[in-house]
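Dear colleague,

Please find below the structure that I am handing over to you. My notes on it follow.

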Amino acid sequence: MTACITSAVLMQYFLMAAFCWMPGEGIYLYLLVVKVYNISDKMYIYHVMSWGLPVIVVAISLSIAAGAADGIQSYISDDYCWMSSTNNLIWIFVTFLVIVEVINILILTRVIREMTKMQPRGGK
């Protein structure tokens, strides 16, 4: 049981970390294309956001599961080593991913809009 919970926690964390790198890259692209800043020295912010935010969300998920009647075992499904959908913990994960994707789409839309407004350097 402990190995299953550990596996589910690590899967949730690393999937969320991978998704957190997406808006980090989007913000980097936005600042590079739209704002034209030298931002290579600010990479620590992306690291903190991409590795730290998932820790907070996983900790919240585990806290909610630990406070349930079944205890920490309510974190995982009866059939799989993944978050349980019976106690709605999976919605924390899904909501997080949807928010990240919406933010990323908004950033990408802004970057594309700015790139289409750019004038070519040729003499037309």
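A disulfide is taken here to be a pair of cysteine sulfur atoms within 2.5 Å. By this rule, the count comes to one disulfide. The model is a predicted one, in which local features need pLDDT of at least 70 and side-chain atom pairs count only at pLDDT 80 or more, while totals for chains, interfaces and linings use all residues. Residues are numbered from 1 along each chain as its sequence is written, and side-chain values use heavy atoms, with hydrogens and water left out.

The disulfide joins Cys-4 to Cys-81, with an S to S distance of 2.1 Å. Cys-4 lies in helix H1 (residues 2–35) and Cys-81 in the loop between helix H2 (43–66) and helix H3 (90–117), so the pair ties together parts that are 77 residues apart in sequence. Helices (H or I, at least four residues) are DSSP runs, numbered from the N terminus, as are strands (E, at least two). The torsion about the S-S bond is about -125°, so this disulfide is left-handed.

As to accessibility, buried means under 20% relative accessible area, exposed over 50%, and partly exposed in between (1.4 Å probe, protein chains only). Cys-4 is buried at 13%, whereas Cys-81 is partly exposed at 33%. Cys-20 is buried, at 2%.

The unreviewed UniProt entry annotates residues 12–32, 44–69 and 89–112 as "transmembrane region"; positions are given in the numbering used here, feature names are shortened, and annotations may be inferred rather than shown by experiment. Residues 44–69 are 88% helix and 0% strand, with end C-alpha atoms 40 Å apart. For residues 89–112, the figures are 96% helix, 0% strand and 35 Å.

Yours sincerely
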